[in-house]
Amino acid sequence: MKTHRYKTATAWAMGTAAAFFALSPAQAQDVIRIGSITTLEGPFATGGQDAYRAMEMAFEAIDYTVGGHTIEWTRESSDATPDVALARARKLIEQDDVHIIIGPLSGAEGIALRDYSRTLTGRTIVNGSSGAADTTLRDPSPNFFRFNTEGTQWMAGLGTHAYNDMGAHHVALVAADYAFPYAQVFGFMHEYCELGGAVTKLWSPLNTTDFSSIIAQIPDDADAVLLIQGGTDALAFLTQYAEVGGDLPIIGGSITADQTLLSARGPHQRLMEGMVAAGPIADLNDDPQWLEFVATYRERWPDGFDSPSIHAFNYYTNTIAVLQALEEVGGDLSDNQAAFQEALRNVEFTNPMGASVRLDDNRQAISDIYLTRIVNDNGTMRTQAFGRTEGVSQTMGMPTEEFLALGSPSRDNPDCPPAR
């Protein structure tokens, strides 16, 4: 197995350009067609836009060439629903004849594309940012790879911190009712319930704009709100909760404590300062690779966020994995992409946060997770890491069969026993 490390944009571009010009003209004309799907419509549109910023950075750094082949990139948009994501994937495969798809962004979309990938021969789907656990944990597809960690993994350490360090022994859960939040809730409650925590669950449909009835149901004896919402849904809840004078501490999901919300102005920011959360990314990180990544992002996208969003980070990580595997095989996609998929299975690298990334047997990333706190950094809201769990697996360190026996994440699983 050959191990790769994340390269600077300059080093990557120089190395691949040299390989490109060393080949014959016939070889150099070969094209690798990469399609991508992200959400440019619906509640996660700003995150989807940032995902494409990051992908563009990755391709520009190598001048759209890898292994002596030109990259032809076709972008598609979804709205965070599985039916639309599937339609876009079919269009990329059947009309645009792409070799590789990178995407999607949202959890239920990921499960749909995982299932679609099973029907394909000689094509590969690599995840974008979707984080539903069962996309890879149960019934994985040999044609689907995910180099970002997922929603359950992202909550490592947060339930313990909430119960032991915050003294929050009863939380009101306000979460969107679909696959990704189920994974986040599972990861939080996996630790929190064992310690004796109690959870009141309040679910909302995706694209909810009026949270007044949910806010009214928050119990008087709750110690904190666990908010597993993202995009415009999270903004709507936080704004309305702030407007009615809500003052419970907020524990955030991984897409809640993110630049897609921190960059927005409004009364919600009063509730976000001091919010604790967990996930694969922290805005304030002294690792040289992260500092370079952020500096390159800011220079390339002056109208982007203050710091790359979680979706930019995940799409970039998955794109780099694809490019490194293509470099490993010299762009060879013959024999139904056998060599390329083998390279994908074995590639190891460090992501922009400076964390090691490798795949398990289900082609799911194992990597580091950070506990974060939102701070006001000279007038700008940013996430700051205050804890790190290294090498978090999809089974949260448990034996696989024991973890699978806990059941699939759902709106009813897990459920905390009565408070002690």
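Helix H15 (residues 310–328) packs against helix H16 (residues 334–346) at an angle of about 125°, and their axes lie 9 Å apart. Helices are DSSP runs of H or I with at least four residues, strands are runs of E with at least two, and both are numbered from the N terminus. Axes are lines fitted to C-alpha atoms, for helices over the stretch in contact, and angles run from 0 to 180 degrees between N-to-C directions. H15 and H16 are therefore oblique to each other, a term for angles that are not under 35 degrees (roughly parallel), over 145 (roughly antiparallel) or 65 to 115 (roughly perpendicular). On the side of H15, the contact (heavy atoms within 4.5 Å) is made by Ala321, Val322, Ala325, Leu326 and Glu328; H16 contributes Phe340, Ala343 and Leu344.

The model is predicted: local features need pLDDT of at least 70 and side-chain atom pairs count only at pLDDT 80 or more, whereas totals for chains, interfaces and linings use all residues. Residues are numbered from 1 along each chain as its sequence is written, and side-chain values use heavy atoms, leaving out hydrogens and water. The protein chain has a mean pLDDT (the predictor's confidence in each residue, from 0 to 100) of 92, and 92% of its residues reach 70 or more. Over residues 1–29, however, pLDDT stays under 50.

The count comes to one disulfide, a pair of cysteine sulfur atoms within 2.5 Å. Cysteine 193 and cysteine 416 form this disulfide, with their sulfur atoms 2.0 Å apart. Cysteine 193 lies in the loop between helix H9 (179–192) and strand E8 (198–204), and cysteine 416 in the segment after helix H17 (400–404), so the pair ties together parts that are 223 residues apart in sequence.
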